[in-house]
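Subject: Structure handover

Hello,

The structure is below, followed by notes on what was found in it. Please read the notes alongside the coordinates.

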Amino acid sequence: MGKIVLTIIGLIIVILGVIMIFDARLLTQKFFGFGDQNEATSGFKIIGFLVAIIGGLVVFFN
């Protein structure tokens, strides 16, 4: 039962990371109101990539 819960949590983390990667421009427009959004967008993409990797590792090693 515990492995199934960890797998579901890992998949949710992967999905959140992928959403952060693909919707980085929209997320920066929603959360931040400054002119230089390119750096914030690349930051969101990097963070999303790392979150997706962590979720994938949770699923893989479960």
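Ile46 is exposed, at 52% relative accessible area; exposed means over 50%, buried under 20% and partly exposed in between, with a 1.4 Å probe and protein chains only. This is a predicted model, where local features need pLDDT of at least 70, side-chain atom pairs count only at pLDDT 80 or more, and totals for chains, interfaces and linings use all residues. Residues are numbered from 1 along each chain as its sequence is written, and side-chain values use heavy atoms, with hydrogens and water left out.

Ile46 lies in helix H3, residues 37-60 (helices are DSSP runs of H or I, at least four residues, numbered from the N terminus). The 24 residues of H3 should span 34 Å at 1.5 Å a residue, and the end C-alpha atoms are 34 Å apart, which agrees; the expected span is 1.5 Å times one less than the number of residues.

Buried residues of H3 include Phe44, Gly48 and Ala52. The buried residues of this helix pack against H1 (2-22) and H2 (24-31), where contact means heavy atoms within 4.5 Å.

Phe60 is exposed at 63% relative accessible area, and Phe61 is exposed at 65%. One aromatic pair is counted (ring centres of Phe, Tyr or Trp, the latter by its six-membered ring, within 6.5 Å; planes under 30 degrees apart are stacked, over 60 edge-to-face, the rest tilted). The rings of Phe60 and Phe61 have centres 5.0 Å apart and planes at 80°, so the pair is edge-to-face.

Regards

Methods
Helix = DSSP H or I, 4+ residues; strand = E, 2+ residues; numbered from the N terminus.
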